[in-house]
Amino acid sequence: MKFTLGQIRNNAYSEPFTFDDWVNVSELETMNNDIREIDSAHVYGTAFDQGNEIVFSFTISGKMILPCARTLVDVPYPFEIKATEIFSESTYYDGEESEDEIHPIDGEVLDLTPFIKENILLEVPYRVFSDDEEAKRNAPVKGNDWEFISEEKTEKKIDPRLKKLESLLEDNEKEK
């Protein structure tokens, strides 16, 4: 999603410059992350020209496929991200010294695509779980030295090494 500075300046003085387009972000699938598949993202918003700065306020929406944290099956995950990016035309601006998220503009073309991809990557959830009943039934619940315990099943299991201590407690209760 590229815009020329002239295009933004011509439209942004009297009213905000609006845009609405689909952006191919399939490159995110090849990066080292959990995204297995991602559709084109719908990006829409406005741009304001404020002196030496251009402020983009936009929304990114779409759907990505992520692995279930428990079963590794595909889980569709819809997203809608609201973002604001500020770009500076100032020759005095040095991006190294400032802690603000102000990006310098190189040349006459402003490419918003890397910032769209960055915002999507920042919003990928740490883990997702599948609602598919078939996947839940086929999920492993016990393995070598581990067992899945849900909050619904709370059985009191006693370590066999402490079984003799339990009998001592029962004897004490009988004596009282």
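Contact here means heavy atoms within 4.5 Å. By that criterion, and leaving aside neighbours within four places in sequence, His-42 is in contact with Asp-20, Asp-21, Trp-22, Thr-59, Ile-60 and Ser-61. The model is predicted. The chain has 176 residues, of which 32% count as buried, and its secondary structure consists of 4 helices and 10 strands.

**Overall architecture**

- Read from the N terminus, the elements follow the order β-α-β-β-β-β-β-β-β-α-α-β-β-α.
- Among contacts in the chain with a separation of 6 or more, 59% are made by residues 24 or more positions apart.
- The accessible surface of the chain amounts to about 12,800 Å², and carbon and sulfur atoms contribute 47% of that surface.

- His-42 belongs to strand β4, which spans residues 41-50.
- The relative accessible area of His-42 is 19%; because the buried class covers values under 20%, His-42 counts as buried.
- A polar contact of 2.5 Å joins the side chain of His-42 to the side chain of Asp-20.
- Asp-20 is also one of the residues listed among the contacts of His-42, together with Asp-21 and Trp-22 as well as Thr-59, Ile-60 and Ser-61.

- Ser-57 is located in strand β5, residues 53-67.
- With a relative accessible area of 32%, Ser-57 is partly exposed.
- Apart from neighbours within four places in sequence, the contacts of Ser-57 are Gly-45, Thr-46, Ala-83 and Thr-84.
- For Ser-57 and Gly-45, the C-alpha to C-alpha distance is 5.7 Å, while the two residues are 12 residues apart in sequence.

**Salt bridges**

- The chain contains 3 salt bridges.
- One of them pairs the side chains of Lys-117 and Glu-27, at 2.5 Å from N to O.
- Lys-117 lies in helix α2 (residues 113-122) and Glu-27 in the loop between β2 (17-23) and β3 (37-38), so this pair ties together parts that are 90 residues apart in sequence.
- Within this pair, Lys-117 is buried, with a relative accessible area of 14%, whereas Glu-27 is partly exposed, at 42%.
- Asp-74 and Arg-36 form a salt bridge through their side chains, also at 2.5 Å from N to O.
- This pair links distant parts of the chain, with Asp-74 in strand β6 (residues 74-88) and Arg-36 in the loop between β2 and β3, 38 residues apart.
- Asp-74 is partly exposed, with a relative accessible area of 47%, and Arg-36 is likewise partly exposed, at 38%.
- Lys-82 and Glu-80 form a further salt bridge, in which the closest N and O atoms are 3.8 Å apart.
- Lys-82 and Glu-80 are both exposed.

**Nonpolar surface patch**

- Leu-162, Leu-165 and Leu-168 make up a nonpolar patch on the surface.
- Together, Leu-162, Leu-165 and Leu-168 present about 290 Å² of accessible area.
- Leu-162 sits in the loop between β10 (146-147) and α4 (163-175).
- The relative accessible area of Leu-162 is 44%, and this residue is therefore partly exposed.

Note on methods. Residues are numbered from 1 along each chain as its sequence is written. This is a predicted model: local features need pLDDT of at least 70, side-chain atom pairs count only at pLDDT 80 or more; totals for chains, interfaces and linings use all residues. Side-chain values use heavy atoms; hydrogens and water are left out. Helices (H or I, at least four residues) and strands (E, at least two) are DSSP runs, numbered from the N terminus. Buried means under 20% relative accessible area, exposed over 50%, partly exposed in between (1.4 Å probe, protein chains only). Accessible areas come from the Shrake-Rupley method with a 1.4 Å probe; for residues, only the protein chains shown count as cover. Patches are made of residues with over 30% relative accessible area and no salt bridge: like charges are joined within 9 Å, nonpolar side chains (Val, Leu, Ile, Met, Phe, Trp, Tyr) within 5 Å. A salt bridge is a side-chain nitrogen of Lys or Arg within 4 Å of a carboxyl oxygen of Asp or Glu. A polar contact is a pair of N or O atoms within 3.5 Å; within protein, one must be able to donate a hydrogen and the other to accept it, and residues adjacent in sequence count only if both atoms are side-chain atoms.
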